[in-house]
Amino acid sequence: MRGGLVVLIPPNLLFIPLSPFFSVAVLYLPSQIATGARHRGRSTQHNTREHKHTSINHHTRCTMSTTNPTPKPKVSNPPTVATFDLTYTFPDQSTGISNISLSLPARSRTLLIGANGAGKTTLLRLLAGKRLAPRGTIRVADVDPFTSGLEGVTYLGLEWVLNAIVRTDIGVGELLASVGGDYFPERRDELVSVLDIDTSWRMHAVSDGERRRVQLAMGLIRPWRVLLLDEITVDLDVWSRSQFLGFLRRETEARECTVVYATHILDNLAGWPTHLVHMHLGTVKDWGPAEKMFAAEEERVRIQKGVDEPLGVTGNSKLGELVLRWLRDDLRERGPRSQHNRGPEGWTYSVTGIGGYGFEPKMPDTM
Ligand SMILES: Nc1ncnc2c1ncn2[C@@H]1O[C@H](COP(=O)(O)OP(=O)(O)OP(=O)(O)O)[C@@H](O)[C@H]1O
């Protein structure tokens, strides 16, 4: 092939050249797409996942076509999230999380709370099927997320946020259309309104917070049944974040769907979570319905201080006071961080090849 150019294209990006918007969909539609390449060839289960990706890509392709009917999520089981004595060991043999048993009901809104390095991202990624958990330790909508695929499950985490496409000179309208906006026009329009998006924005000329709003809209357009949200609302202003949280709340009230949200930002979350999960050093210390946990905390304070002192007397929210107490106790229990050599899972994003995260190197700002 004298003078020819040989281009090696990974299988999951095969149809990128067809149109620029196609490629956006490939890079964005369900979070599993990138995972396939990361897991490729490691085991039979990984191969199974590879087939899933092929079909998701096909599904994505259908979403882009104007002749295909509206795609419908296939999973019909109630969107519950459960783990059974889940322990995960990283490739370097360090323990990520240990002995976690949870049972989060359909339509619940769960907050994952814990200090940096507590294991929230690790747990979410396992629930999203991005890491291989021991057989029988995770059920999402009553299927194993790793081996059975994740139709209807959306994971929005750091690698999704770092995707470079949303920094290029592309319009919001095209971006939203590329992820199925035309097939879910009501959801698209509601998200545009809730997240206060100007559809005439060009993505290379928006602020970080404006970009984040578009990314959230893109991630949420398809009617997910389980949403696994790693903290990605930090750039939103207070109003947008509260509107966004209200949207998620309405979703769980209006249809059969479930949210698990890891966050450090407790503002405007009063009354939002139905369940709380308190993580510490890779374990779950407490979990349960939020109201029950507030009542238990008030009882604990009453016994300790001998007085009735409702949570929230400091002017913080009940949730804020409870979480402050949890993290203060965790810090006392843990001691200095250097003893444990623990840090956030996100650090691996910038270190190619570590812990299976090398697939998502941080993209340079192309603005
Ligand atoms: N690839 C990896 N290999 C080994 N250990 C890792 C890897 N990724 C993360 N860890 C460790 O796992 C622990 C849990 O990290 P994780 O990112 O889940 O915490 P987190 O609760 O999400 O933290 P943050 O609130 O800072 O986002 C940390 O102690 C971290 O050092």
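Guide: Buried means under 20% relative accessible area, exposed over 50%, and partly exposed in between (1.4 Å probe, protein chains only). This is a predicted model, where local features need pLDDT of at least 70, side-chain atom pairs count only at pLDDT 80 or more, and totals for chains, interfaces and linings use all residues. Residues are numbered from 1 along each chain as its sequence is written, and side-chain values use heavy atoms, with hydrogens and water left out.

Visitor: How many salt bridges does the structure hold?

Guide: There are 21, each a side-chain nitrogen of Lys or Arg within 4 Å of a carboxyl oxygen of Asp or Glu.

Visitor: Take aspartate 169. Which residue does it form a salt bridge with?

Guide: Arginine 202, with the closest N and O atoms 2.8 Å apart. Aspartate 169 lies in the loop between helices H5 (158-161) and H6 (172-178), and arginine 202 in the loop between helices H7 (185-194) and H8 (208-220), so the pair ties together parts 33 residues apart in sequence. Helices here are DSSP runs (H or I, at least four residues; strands are E, at least two), numbered from the N terminus.

Visitor: Is aspartate 169 buried, exposed or partly exposed?

Guide: Partly exposed, at 48% relative accessibility. Arginine 202 is also partly exposed, at 34%.

Visitor: And aspartate 196, what does it pair with?

Guide: Arginine 213, at 3.6 Å between the closest N and O atoms. Aspartate 196 is in the loop between H7 and H8 and arginine 213 in helix H8, so the pair links parts 17 residues apart in sequence. Arginine 213 counts as buried at 10% relative accessibility, whereas aspartate 196 is partly exposed at 48%.

Visitor: Which residues do shared partners join into one network?

Guide: Glu297, Arg300, Arg325, Asp329 and Arg332, through salt bridges.
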